[in-house]
Amino acid sequence: MTPSELKTYLNHLIAKNLQISTMIWGPPGIGKSSIVMQITQEQGIDFVDVRLSQLAPTDLRGLPVAADGISKWFPPEFLPRAGKGILFLDELNMAPPAMQGVAQQLILDRQVGSYTVPPGWFVWAAGNRKEDRAAVFDMPAPLANRFLHLEVQSDFDSFKVYALEKGLHEQIIAFLSFRSTLLHKIDPQQPAFPTPRSWEMASALHYAGLDITPAVGMGTTAEFIAYLEVYQSLPNLVSILEGNGGKVTFPTEPSSRYATVIGLTVRAANANQAYNAFKWLNDKTTTEWVQFFIQDLLPVMRSKGQLGSLAILAKADANLQSFLQENITNLHSYHTITHK
């Protein structure tokens, strides 16, 4: 499933209060733990992230302490004791078998030693697969059988929504729109390779004017630098956004087209500028590029508090109103997933 589909599924588990232990599988850097953290923030519940690969069995079970002639296990302070939230066992299959055995008690019985998971808490876990060059141990069949198993794959559409909302660099988003296969590409010969997580790091480096090679690797960076040459011949986006793009033509090269549409999407500061960009695109290019623009524009306008103003402008423009109606279902789904 895509990251957006994973988020929807996990939100349903919480909404239906299905406290079934859940294992999330996927390649490194895809955002498994970030998705779970976002869910807790949006749901207003607590989040405890336990990295099992960094713990010894006694760290989870607790220390034995003599009391009244018997040994009692004193649980660690990081385990939740009240409220509602997600107890997230990250890197589960990177933990050695002994550690997984202790975790199995927590997952199956919701208790370990003298500790019991509070009623309002969900127990979820995540791990990488062997094919992702991850140093993982085989998960014992009895432990695996205690979980729901959800596998998530990289998906550019999900990433683009996130990137636009978080304000990742316009040129990063445009490049990946043009070369979406480079969103996630493990290179066994390089320590740095492109993933959704490393592209977010690359965006921060690019904003700072620094080389992005340490984040995404040499080959990907070379392609990105070559792509940046298209920005030397882009149309005047400022004129278009200000409503003065009548004589400006839409580029013919696909690489420049992606850069132009993403540039208009990101740089539209308000509904009026977004509307000017829509009119220009509607006059200058084909339907699929206008559709591409609108799909990206809606979550951006929502994040800027301009969606209502754009809807008002749409009432006077049948073309814009039609495009908005066609895409409003996607926007509603996005809003449900990310703002529930």
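**Exercise 1.** Lysine 7 in this predicted model: decide whether the residue counts as buried or exposed, then find its salt-bridge partner.

*Solution.* Start with the accessibility: lysine 7 has a relative value of 5%. Buried means under 20%, so lysine 7 counts as buried. Next, look for the partner: glutamate 42 forms a salt bridge with lysine 7, and their closest N and O atoms are 3.3 Å apart. Now place both ends: lysine 7 belongs to helix 1 (residues 3-15) and glutamate 42 to helix 2 (residues 32-43), so the pair ties together parts 35 residues apart in sequence.

**Exercise 2.** Work out which parts of the chain the salt bridge between arginine 267 and glutamate 170 ties together.

*Solution.* First take the distance: the closest N and O atoms of this pair are 2.9 Å apart. Then locate the residues: arginine 267 sits in helix 12 (residues 254-267) and glutamate 170 in helix 7, so the bridge ties together parts 97 residues apart in sequence. Last, compare the accessibilities: arginine 267 is partly exposed at 37%, whereas glutamate 170 is buried at 9%.

**Exercise 3.** Where is histidine 169, and which residues does it contact beyond its neighbours within four places in sequence?

*Solution.* Begin with the location: histidine 169 lies in the loop between helix 6 (156-166) and helix 7 (170-178). With a relative accessibility of 15%, histidine 169 counts as buried. Setting aside those sequence neighbours, the contacts of histidine 169 are Ser203, His206 and Tyr207.

Technical notes
Residues numbered from 1 in each chain as written. Predicted model: local features only at pLDDT ≥ 70, side-chain atom pairs only at ≥ 80, totals over all residues. Heavy atoms only, no water. Helix = DSSP H or I, 4+ residues; strand = E, 2+ residues; numbered from the N terminus. Buried < 20%, exposed > 50% of the residue type's maximum accessible area, 1.4 Å probe, protein only. Contact = heavy atoms within 4.5 Å. Salt bridge = Lys/Arg side-chain N within 4 Å of Asp/Glu carboxyl O.
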